[in-house]
Amino acid sequence: MSDRALAILRSCSLLSGLPESALREAATAARIRPFQTGQVLYERGEVQSTLSVVGTGNVRISSTNPEGREVILTLFHAGAWFGDTVFSPGMPRVFGATAHSDGELLEIPGQDYRALLSRYPEAYPRTLDMLSRRLWSAISVIEDNALRDMPGRLGRRLLFLAETLDGHALTKPVTFKLTREHIASMLGMSRQGVHGVLKQLEKEGLVRFGYGTVTLPDPQALRYYLDRH
């Protein structure tokens, strides 16, 4: 068991229902996998049930359109987990995962994670809560795409990303490693269209731009703005 593996496990909201003894067991079964920008971590359709936790860096979840162009669906940061097939062994991965920056990933074999839940059933309430939140977030994105205009879709997607990074608290500034091109890919919009909406949000003081980054200074203010418009 490594101290680094234990630290990553402690940072993961999905595992927060497990007692310390269970986290130590998980750390023994886990491995840390370094990655580099652009490295394909998991292919779409791959059949394996690893639970993955981002230790450092960023991982993007994506698919491809009929022309073969990558479409970014979401971005995971340190402490975020993915690999929903861990709960459905034998099912293929619906989406691929690619390193968005240099970093490291902690992987727990699916059979070890499921065995851990069997031995520590007190973790189930927190596990189900996290799965429910992720399902709610996914349905909200679908609803936004169907019912909201361009500013609403873009703003809500930024809030969705903020929630995955800040654990749904949204009580402090949040920064993403994103460009306008990435955001356009997420929303299936043109770069020009995204630029116009972002400039309006920037004028309102709701977003800030750095080199390859987007910051929400006050996510709750963005939520309030979107609710009013």
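Predicted model: local features only at pLDDT ≥ 70, side-chain atom pairs only at ≥ 80, totals over all residues.
Residues are numbered from 1 along each chain as its sequence is written, and side-chain values use heavy atoms, with hydrogens and water left out.

Let me start with the interior. A nonpolar core here is a set of buried Ala, Val, Leu, Ile, Met, Phe, Trp, Tyr and Cys residues joined through side-chain atoms within 4.5 Å, where buried means under 20% relative accessible area, exposed means over 50%, and partly exposed lies in between, with a 1.4 Å probe and protein chains only. The largest such core has 29 residues, and among those with the most contacts inside it are Leu 154, Leu 158, Phe 176 and Leu 178. Several elements supply at least two residues each, including strand 5 (70–76), helix 5 (150–166), helix 7 (191–203) and helix 8 (219–228); helices (H or I, at least four residues) and strands (E, at least two) are DSSP runs, numbered from the N terminus. Helix 5 gives the most to this core, with six residues. In soluble globular proteins, nonpolar side chains tend to be buried together.

Which residues does Leu 178 touch, not counting those up to four places away in sequence? With contact taken as heavy atoms within 4.5 Å, Leu 178 touches Leu 75, Leu 161, Ile 183, Met 186, Gly 212, Thr 213 and Val 214. There is also a second, separate core of 25 residues, which includes Ile 8, Trp 81, Ala 123 and Met 130.

Turning to the sheet, we find four strands in the order 2-7-4-5, forming an open sheet with antiparallel pairing, where two strands pair if DSSP finds at least two bridges between them. Strand 2 (40–42) and strand 5 are the edge strands, each pairing on one side only. Strand 2 is joined by two bridges to strand 7 (residues 96–99), and these two strands run antiparallel; within that region, Val 40 stands opposite Thr 98 of strand 7.

Finally, the charged pairs. Searching the whole structure gives twelve salt bridges, each defined as a side-chain nitrogen of Lys or Arg within 4 Å of a carboxyl oxygen of Asp or Glu. One of them joins the side chains of Glu 20 and Arg 24 at 3.6 Å, N to O, and both residues lie in helix 2 (residues 20–29), four residues apart, about one turn of the helix. Glu 20 is partly exposed at 34% relative accessible area, and Arg 24 is partly exposed as well, at 38%. Arg 10 is linked with Glu 20 and Arg 24 in a network of salt bridges.

How many residues apart are Glu 107 and Arg 31, which link distant parts of the chain? Their side chains meet in a salt bridge at 2.6 Å, N to O, and the two are 76 residues apart, with Glu 107 in strand 8 (residues 103–108) and Arg 31 in strand 1 (residues 31–35). Glu 107 counts as buried at 6% relative accessibility, whereas Arg 31, at 49%, counts as partly exposed.

The side chains of Glu 202 and Lys 199 also meet in a salt bridge, at 3.2 Å, N to O, and both residues lie in helix 7, three residues apart.
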